[in-house]
Amino acid sequence: MKITIVGAGNMARGIATRALAGGHTVTITAKDPGKAVRLVDELRGHATGEGRIAAADASAVDTADIVVLAVPFDAAKQLAAAYGERLSGKVLVDISNPVDASLDALVVAPGTSAAEEITEAVAPGTRVVKAFNTTFATTLIAGEVNGTVLDVFIAGDDEAARKQVADLVTSGGLNPVDVGALRHARELEGFQLLHMALQIREAGHGWASTIKIVAPEP
């Protein structure tokens, strides 16, 4: 698949690493083109098989199968609106967590989520999926925590779009967990708020923990 990642920060690095491990074609575009180029240069060695990575301008969203907004919530919402019809028919992945600076609360109104607000901002036909918001960048780069494969929780109203993101996750060596409709992004963002807060409390986890569903074998 052709994956365009918008942003060149730590989460962009982590998601690109997994996408390259899955043999996908990855394009990085960012507000700072130089930062995108530097990230691409760092990640070229992670490409396997048919995997390729390059930097490009914002036109990279036009040819993508999946567009990942690897930026904070406010920027993601603005970009989703700015791209407009260019996203129609595409899968748009929101990874953001709408938290305040002290990690005490969500900044979206009760009964909604960042993903749902982004859905209101995009052009009709854009298929918004929530994913990767519960995984930290360092754990994505490794693909595991203490030998445990990461779970990636996926929410979206379009079943085919959820499946497409799940295929991306699986190809990168991670475990997709389909939680259903986009409204469940509310729960995903809520428990990630707690997960993030645990990183900075006494004996915190150092941004190196993960959330995992453990169940008996069927």
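The model is predicted, so local features need pLDDT of at least 70 and side-chain atom pairs count only at pLDDT 80 or more, while totals for chains, interfaces and linings use all residues. Residues are numbered from 1 along each chain as its sequence is written, and side-chain values use heavy atoms, leaving out hydrogens and water.

**View 1. Helix H6 and its ends.** H6 covers residues 159-171 (helices are DSSP runs of H or I, at least four residues; strands are runs of E, at least two). Just past H6, Gly 173 has a positive phi of about 85°.

**View 2. Val 165 in the largest nonpolar core.** This core has 35 residues, and Val 165 is among those touching the most other members (a core joins buried Ala, Val, Leu, Ile, Met, Phe, Trp, Tyr and Cys residues through side-chain atoms within 4.5 Å). Beyond its neighbours within four places in sequence, Val 165 contacts residues including Ile 66, Val 93 and Ile 154 (contact means heavy atoms within 4.5 Å).

**View 3. Glu 189 in helix H7.** Glu 189 sits in H7, residues 185-198, and is buried at a relative accessible area of 1% (buried means under 20%, with a 1.4 Å probe and protein chains only). A polar atom of the Glu 189 side chain lies 3.4 Å from the backbone nitrogen of Ala 115.

How values were computed. Expected span 1.5 Å × (residues − 1). Buried < 20%, exposed > 50% of the residue type's maximum accessible area, 1.4 Å probe, protein only. Polar contact = N/O pair within 3.5 Å; in protein donor to acceptor, adjacent residues only side chain to side chain.
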